[in-house]
Amino acid sequence: MKKLVNEEMVPFASIFYSASDIGAAKQLGYLRYGTAIMDAVDSTTLEKLENAFEKLQKSDSKSLLKKYLTAEVFESLKTKKTSYGSTLLDCIQSGIQNLDSGVGVYAADPEAYAVFADLFDPIIEDYHAGFKKNDRHPPSHFGDAKDFGTLDPEGKLIISTRIRVGRSIDGYPFNPCMEEKHYEGLEQKARQVFSTLTDDLSGEFYPLTNMSKDVQQRLIDDHFLFKEGDRFLEAANANHFWPKGRGIYHNSSKTFLVWVNEEDHLRVISMQPGGNVFEIFDRLIRGLQAIEKKLSFAHDSRLGFLTFCPTNLGTTIRASVLIKIPLLLAEKKTLDEISKKYNLQVRGTRGEHSTAEGGIVDVSNKRRLGLTEYDAVNEMYCGVCEIVKKEYQLANKK
C-alpha cells in the first residue's frame, strides 16, 4: 500500500473527508491521495445503500452490523469513498444479503478501517473484548512454543489441533478491489517463496486452475481443499475470477499448509492429529518466519496485521481444536461459562455456521486483537485444558 506522500494535500482532501477521517487514515498510513478521493458516491450506489439500510432495520438480524449501523452512523458514512473506490456498500453487502451473519462487515480495502471507522471501531471493540478506538495493538510476540504441552494426554477427546494466521501482502488491495492481474501476481509471489522452504516445511504448490481430478480428490480427502461457494464471501465480492490465482501449498507430511487467495491473500496453517500444541505452534512460527523473509505484510501500528475481515486483525491467530465433548455440550451453562472466562468461540463440527455432529465441536480463541500471539494461543490452551478436565469429570460421574 502506498504511504502518505504529500501531507500538504490534506486540506484539499478535507473538502471530501472530515478532519477525523484524515487523521485516522494518516494514522493507518494507507490513505492515498488521488482522483478517486474526489469521486462522489454515485446515485445508483446511494439508492442501493438506502434500500440496504431499510432492509437491515426491518430485519431481526442479530449481527454486529445491525447493532452498530445506526441511522446517525449510516448518514455520516453513506457518501464516503476510499481512494480504492470502495463505498460503505462494499463493506456491508455481505451482512445485508446474509442477515444471519454474526458480524456482517468486511473491509473492502485497507483504507476502509479508517474511512468507515465509525462503523468498524465499535464492531472491533465488541468482537475483540473491549479493544477501544484509542487502544493500540502490542508488538508481535510469539514467545516460546515449548511453554505448551499436549492438551489431552489420554488422547480420547481431541481429534486434531490447528493454528493459523492470515496475512495480506503489502501493495495489494483486498478481494472486492482485486483485479485478475492482482490474483495472478500474488500467486506468483507466493510460489516463489514456497520454492525456498526447506526441511519439514518443504512441499508442493497445487494451483486450483486446471487442477487434475486426482489432485482435487486427494486434497478433498485430506480436508485441505477450499472451494468457491461460501455465500458470505460471495456476497462480499470475494470470489472474483475464480479459480485464477488460487492454490494450496502443503509440506510432505501434510502438517504445514498455505492457502493462497481464499479469503485473505495468505492463510498460513499448522495442524496435525491430537493435541500437541508445542509441535504445531513451533512449526507455524518457523514457517511464518521463513515466509516473512521474502514478503512484506500489511501492518498498522494500532490494528496490527490488516486483513479482509475485522475479526482477523491484530495477531490474526486462530488456534483451534476439534474435540469430542458430548457430555459437556449437554451442560450448556457450564460450557458457556468456560468459554466466557477464556474468551473462547465454540463452533459446529465443520466450522462456522455448522452444527455439532456426534458431540464434536470446534473450539478456538476468540480474541485476536489487543494481545500478543503467545497470549492468544495461551487463551485457547488454558480454556481447552479446562474443557478436557470437565468432560472427564462428567464421564467419571456416570
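Predicted model: local features only at pLDDT ≥ 70, side-chain atom pairs only at ≥ 80, totals over all residues.
**Stop 1**

Select the strands β2, β3, β4, β5, β1, β8, β10 and β9, which is their order across an open sheet of 8 strands. Their pairing is antiparallel. At the edges are β2 (203–207) and β9 (344–347), each of which pairs on one side only. From one strand to the next, the twist averages 20 degrees. Strands of a sheet pair through backbone hydrogen bonds, and the pairing can be parallel or antiparallel.

Pick Gly247; its bridge partner in β4 is Val260.

**Stop 2: an enclosed helix**

Select helix α6, residues 88–97. Is this helix enclosed or open? Of its 10 residues, 9 are buried, so the rest of the structure largely encloses α6. The buried ones are Leu88, Leu89, Asp90, Cys91, Ile92, Gln93, Ser94, Gly95 and Ile96. To see what surrounds them, show α3 (43–58), α4 (64–68), α5 (71–77), α7 (112–115), α8 (117–127) and α11 (231–235), against which the buried residues of α6 pack.

**Stop 3: salt bridges**

Side chains of opposite charge can pair when their charged atoms come close. The count for this model is 20 salt bridges.

Begin with Lys67 and Asp126, whose closest N and O atoms are 2.8 Å apart. Lys67 belongs to helix α4 and Asp126 to helix α8, so their pairing ties together parts that are 59 residues apart in sequence. Lys67 is exposed, at 51% relative accessible area, while Asp126 is partly exposed, at 28%.

Next, select Arg191 and Glu187, a salt bridge with its closest N and O atoms 3.4 Å apart. Both residues lie in helix α9 (residues 180–194), 4 residues apart, and about one helical turn separates them. Arg191 is partly exposed, with a relative accessible area of 36%, but Glu187 is buried, at 11%.

Then move to Lys181 and Glu179, whose salt bridge has an N to O distance of 3.8 Å. Here Lys181 is exposed, at 56% relative accessible area, and Glu179 is partly exposed, at 41%.

Finally, select Glu50, Glu75 and Lys78, which salt bridges link into a network.

**Stop 4: aromatic rings**

The model has 12 aromatic pairs. One of them is Phe194 with Tyr249: the ring centres are 4.5 Å apart and the planes are at 20 degrees, so the pair is stacked. Phe194 is in helix α9 and Tyr249 in strand β3, so select both elements to see how the pair links distant parts of the chain, 55 residues apart. Both Phe194 and Tyr249 are buried.

For a group of rings, show Phe142, Phe148, Phe281, Tyr374 and Tyr381, which form one aromatic cluster.

**Stop 5: charges over rings**

Select Arg167 and Phe305. The charged end of Arg167 sits over the Phe305 ring, 3.6 Å from the ring centre. End with Arg246 and Tyr183, where the charged end of Arg246 sits over the ring of Tyr183 at 4.1 Å from its centre.

Methods:
Residues numbered from 1 in each chain as written. Heavy atoms only, no water. Buried < 20%, exposed > 50% of the residue type's maximum accessible area, 1.4 Å probe, protein only. Helix = DSSP H or I, 4+ residues; strand = E, 2+ residues; numbered from the N terminus. Contact = heavy atoms within 4.5 Å. Salt bridge = Lys/Arg side-chain N within 4 Å of Asp/Glu carboxyl O. Pairing = 2+ DSSP bridges. Axes fitted to C-alpha atoms, helices over the stretch in contact; angles between N-to-C directions. Phe/Tyr/Trp six-rings, centres within 6.5 Å; stacked < 30°, edge-to-face > 60°. Lys NZ or Arg CZ within 6 Å of the ring centre and 35° of its normal.
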